[in-house]
Amino acid sequence: DKELGVVPFHDVPNLLAKRPEVGHIVGLAPTDTAQNRLMLMGGQSGFFEWMMKDHVKPDIKTLDQMLRIIPNTNEAEEELLSMLPKLGLKPDINFCNQLIILRERRNEFELAKSTLQIMTENDICPDIMTFGSLARCCKTPKSVRTFLEDFESLGGRLNKEILTTLIGNMCMVALKPAAVERLLKLCVRQQIKPDKKMINTVERFYQTYRKYVISKEKGLYVPYPVVLEIRDNKLANWEKFVSYYKEWLGTVKPDLNEDPTLQYKTI
């Protein structure tokens with residue numbers, strides 16, 4: 001409400017202008033965030049407008065950086081995507097990967113996966129970061145299976161980062177012991193050496209699910225997937241997971257003191 005000194009987003013003056021119209025502004029002290037700083041420059045459209053006035057042509061790296069600081073909303077994203085043809089630009093692999101991540105953060109998993117269509121239309125080949133981003137969207141056992149089948153059909157080889165992401169989703173989102181067990185077996189088959197993060201993810205799941213089982217026995221609230229496991233399977237999947245988890249730890253023999261900087265050593 002302008003009478004109260006609160007100005008809608010589109011009415012905030014562009015402070016890049018030589019003479020910004022600030023007569024109707026009572027106060028201008030927004031929270032110091034990247035989004036608000038951009039807003040004070042006229043938003044993404046105002047920023048690009050002044051670039052063009054100064055004869056500075058943005059490239060796809062400029063839009064990639066802009067994608068990271070605009071509000072993570074459909075409206076802001078659509079506005080930025082509409083800028084691409086106007087500026088004569090095409091997305092690149094980094095832009096598309098970031099788009100997948102931001103859509104996943106909004107819980108728009110199907111929209112995130114549809115980014116592959118944009119890549120196909122622009123002859124962009126997925127890289128390992130693309131699959132790592134898509135793995136974040138797999139929140140159900142079915143979506144994990146589909147992802148793994150598609151990844152294998154494309155000749156991809158799993159790494160521990162992607163596998164940890166999938167395990168984390170099955171542990172903390174889906175709460176599916178059988179799905180976690182399948183991924184641990186895949187870890188062994190693919191000869192992937194788990195790191196401290198993967199081990200901690202599985203151990204946290206083991207401890208958390210164990211507490212849920214005890215809570216249910218006491219008549220306390222537990223998440224619905226745990227209720228289904230108890231009701232439909234009599235904890236059979238959970239017991240199988242516990243048994244295999246102990247076996248898995250003995251098989252992979254993780255080095256929990258591993259220095260993460262070792263991967264960067266060249267001599």
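1. Start with helix α4, residues 74-86. Its 13 residues should span 18 Å at 1.5 Å a residue, and the end C-alpha atoms lie 19 Å apart, which agrees. The expected span is 1.5 Å times one less than the number of residues in the helix. Helices here are DSSP runs of H or I with at least four residues, strands are E runs of at least two, and both are numbered from the N terminus.

2. A word on the basis. This is a predicted model, in which local features need pLDDT of at least 70 and side-chain atom pairs count only at pLDDT 80 or more, while totals for chains, interfaces and linings use all residues. Residues are numbered from 1 along each chain as its sequence is written, and side-chain values use heavy atoms, with hydrogens and water left out.

3. Which residues of α4 are buried? They are Ala76, Glu77, Leu80, Met83 and Leu84. Buried means under 20% relative accessible area, exposed means over 50%, and partly exposed falls in between (1.4 Å probe, protein chains only).

4. Now the partners of α4. Its buried residues pack against α2 (43-53), α3 (60-69), α5 (93-105) and α6 (109-113). Contact means heavy atoms within 4.5 Å. Just after α4, Gly88 has a positive phi of about 70 degrees.

5. Arg103 deserves a look. Arg103 sits in helix α5. It counts as buried, because its relative accessibility is 5%. Leaving out residues up to four places away in sequence, Arg103 touches Glu77, Leu81, Glu108, Leu111, Ala112, Ser114, Thr115 and Ile118. Glu77 is also one of the buried residues of α4.

6. Two loop residues have positive phi without being glycine. His55 has a phi of about 60 degrees and lies in the loop between α2 and α3. His55 is exposed, with a relative accessible area of 74%. Gln191 has a phi of about 55 degrees and lies in the loop between α11 and α12 (196-217). Gln191 is exposed too, at 70% relative accessible area.

7. Next, the second largest pocket. It holds about 330 Å³ of space. On a 1 Å grid over the protein atoms alone, a pocket is an open set of points where a 1.4 Å probe fits, with protein on both sides within 12 Å along at least five of seven lines; lining residues have an atom within 4 Å of a point. Grid points are joined across faces, edges and corners, and the volume is the space filled by probe spheres set on the points.

8. What lines the second largest pocket? There are 16 lining residues, and Leu148, Glu152, Leu158, Leu186 and Arg189 lie nearest the centre. The elements giving two or more residues to this lining are α9 (141-153) and α11 (177-189). Helix α9 gives the most, with seven residues. By class, the lining has nine nonpolar, two polar and five charged residues. Here Ala, Val, Leu, Ile, Met, Phe, Trp, Tyr, Cys and Pro count as nonpolar, Asp, Glu, Lys and Arg as charged, and the others, Gly among them, as polar.

9. Finally, the whole chain. It has 14 helices and zero strands. Buried residues make up 39% of its 267 residues. Of the contacts with a separation of 6 or more, 65% come from residues 24 or more positions apart.
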